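Please keep the sequence and the 3D view open while reading.

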Amino acid sequence: QVQLVESGGGLAQAGGSLRLSCAASGSIFRINRMGWYRQAPGKQRELVATITSSGNTVYADSVKGRFTISRDNAENTVYLQMNSLKLEDTAVFYCAADITSWQMRQYDVWGQGTQVTVSS
């Protein structure tokens, strides 16, 4: 079994910054793609950013130039640095990862979500 635990959400003012962390644990052989998604009230969950094990990144247009995704492969952790926050960034942020276990089973794992609220 593998799991993801997120941290770092909270309240920030518009224009401010927050940093999210997500640590994977369990029977991990390899973590392939990791990413962040978000879901605002009344809206569907959407992609924020993803990063491969080799560091290739993809960002939603709405966060390009403001958010940066990174990962520490040795610590099985992915980060999301969020700068220049906007009111519309308010959402529950979810970490996700494509993980291969030592038993050679593949898991698509989601974290429990962390609330990010941006105020004016």
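This is a predicted model: local features need pLDDT of at least 70, side-chain atom pairs count only at pLDDT 80 or more; totals for chains, interfaces and linings use all residues.

## The disulfide

The torsion about the S-S bond of C22 and C95 is about -80°, so the disulfide is left-handed. C22 counts as buried because its relative accessibility is 0%, and C95 likewise counts as buried at 0% relative accessibility.

Side chains of opposite charge can pair when their charged atoms come close. The count of salt bridges in the model comes to four. One of them is formed by the side chains of R38 and D89, at 2.9 Å from N to O; R38 lies in strand 4 and D89 in the loop between strand 8 and strand 9, so this pair ties together parts that are 51 residues apart in sequence. R38 is buried, with a relative accessible area of 5%, and D89 is also buried, at 0% relative accessibility.

D89 also meets the side chain of R66 in a salt bridge of 2.7 Å, N to O. This pair again links distant parts of the chain, since R66 sits in the loop between strand 6 (57–59) and strand 7 (67–72) while D89 is in the loop between strand 8 and strand 9, 23 residues apart. Salt bridges that share partners join R38, E46, R66 and D89 into one network, in which R66 is buried with a relative accessible area of 10%. Another salt bridge pairs the side chains of D61 and K64 at 3.1 Å, N to O, and both D61 and K64 are exposed.

Q81 is placed in strand 8 (residues 77–82) and counts as partly exposed, at 26% relative accessibility. Its side chain and that of N83 are joined by a polar contact of 2.9 Å.

N32 lies in strand 4 (residues 28–39), and its side chain makes a polar contact of 3.5 Å with the side chain of T100. Leaving aside neighbours within four places in sequence, N32 is in contact with I51, T52, S53, R71, D98 and T100.

Methods: Residues are numbered from 1 along each chain as its sequence is written. Side-chain values use heavy atoms; hydrogens and water are left out. A disulfide is a pair of cysteine sulfur atoms within 2.5 Å. Buried means under 20% relative accessible area, exposed over 50%, partly exposed in between (1.4 Å probe, protein chains only). Helices (H or I, at least four residues) and strands (E, at least two) are DSSP runs, numbered from the N terminus. A polar contact is a pair of N or O atoms within 3.5 Å; within protein, one must be able to donate a hydrogen and the other to accept it, and residues adjacent in sequence count only if both atoms are side-chain atoms. Contact means heavy atoms within 4.5 Å.
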